[in-house]
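This report covers a sheet, a nonpolar core and a helix that contributes to that core. Please look over the sequence and structure before reading on.

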Amino acid sequence: MKIIMLGAPGAGKGTQAQMIADKYKVPHISTGDIFRANIKNGTELGMEAKKYMDQGLLVPDELTVKILLDRVAKEDCKDGYVLDGFPRTIPQAEVLDKALAERGESIDYAVDVDVPDENIVKRMSGRRACLSCGATFHLEHVPPKEEGICDRCGKELVLRDDDKEETVLNRLKVYHDQTQPLIQFYKNKGVMQAVDGTKSMQEVFDAIVAILEK
Ligand code: AP5
Ligand code: MG
């Protein structure tokens with residue numbers, strides 16, 4: 001099962017991707033998480049990616065595509081995966097498609113988690129992220145058991161550098177310009193599905209499971 005999560009920044013792609021990964025025992029692959037782990041570890045890739053991420057811009061395709069293709073070629077991806085935050089541009093989607101086609105494979109589902117822009121900014125200011133394991137919390141909706149500490153791995157939770165309001169507004173613009181066209185791209189391939197991302201996390205998840213198990 002190969003699934004792509006689409007949706008605006010803060011729509012809940014990461015939250016739902018993790019729930020899908022847990023239920024169906026497939027890896028959750030987030031290019032944003034990979035970049036943040038690299039930033040935290042001070043790698044060259046991390047330093048390069050940070051320049052773009054801090055402004056709410058996309059990291060150039062040349063950097064992003066290789067990382068993703070290397071990741072999905074790993075052994076744990078042989079029975080499928082959930083991609084969260086990739087592809088984000090038409091060229092990225094085309095490269096992924098081509099790489100899969102060479103192995104006789106294709107994407108099974110693209111799921112758009114649909115949340116209007118008005119709801120996004122509010123959601124982001126409450127988010128707290130674990131830069132070690134990628135888990136996501138929310139001060140109101142999903143508070144961690146212990147304040148500031150990740151339930152899953154025990155490391156510190158932080159407000160992401162790119163969750164400042166002005167950067168979020170930039171990310172939304174970039175989303176509409178560069179990523180939203182992917183909805184039509186995957187419609188044309190007959191794999192596009194949408195869920196209402198303004199519902200509770202469990203309701204959104206139930207809607208996704210209904211799609212995957214139809
Ligand atoms: P990335 O990390 O992918 O960020 P994003 O797309 O902006 O999305 P977010 O992670 O902010 O939101 P999400 O949809 O995962 O929502 P979440 O589940 O956390 O990318 C960051 C940056 O990296 C990009 O800007 C770019 O620079 C770069 N990058 C990454 N991939 C790239 C690529 N392929 N190409 C180029 N550049 C790339 O939920 C948000 C909050 O809401 C959480 O607090 C959560 O608890 C809460 N929440 C979730 N669902 C609900 C719900 N139903 N009700 C109430 N609260 C909810
Ligand atoms: Mg995310």
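## Helix α9

A residue counts as buried when its relative accessible area is under 20%. The model is predicted. In α9, the buried residues are Val204, Phe205, Ile208, Val209, Ile211 and Leu212. They lie on the same side of α9, because they cover an arc of only 155 degrees around the axis. An α-helix has 3.6 residues a turn, so residues three or four places apart point the same way.

Which elements do the buried residues of α9 pack against? Two are β1 (2-6) and α1 (13-24). The others are β4 (109-114) and β8 (192-196).

## Nonpolar core

The largest nonpolar core holds 44 residues. Met5, Leu83, Leu96 and Tyr186 have the most contacts inside it. Helix α9 (residues 201-212) gives the most to this core: six residues.

Leu83 touches Ile3, Ile4, Met5, Ile29, Leu68, Val72 and Leu96. This list leaves out residues up to four places away in sequence.

## Three-stranded sheet

An open sheet is built from three strands, ordered β6-β5-β7, with antiparallel pairing. The edge strands, β6 (136-138) and β7 (157-158), each pair on one side only. Helix α6 (residues 117-126) packs on the sheet and touches β5 and β6. The direction of α6 makes about 50 degrees with that of β5.

Strand β5 (residues 127-130) is joined to β7 by two bridges, and the two run antiparallel. Ala129 has Val158 of β7 as its bridge partner.

Definitions and conventions. Residues numbered from 1 in each chain as written. Chains lettered and ligands numbered in written order. Predicted model: local features only at pLDDT ≥ 70, side-chain atom pairs only at ≥ 80, totals over all residues. Heavy atoms only, no water. Pairing = 2+ DSSP bridges. Helix = DSSP H or I, 4+ residues; strand = E, 2+ residues; numbered from the N terminus. Contact = heavy atoms within 4.5 Å. Axes fitted to C-alpha atoms, helices over the stretch in contact; angles between N-to-C directions. Core = buried A, V, L, I, M, F, W, Y, C linked by side-chain atoms within 4.5 Å. Buried < 20%, exposed > 50% of the residue type's maximum accessible area, 1.4 Å probe, protein only. Arc of directions from axis to C-beta.
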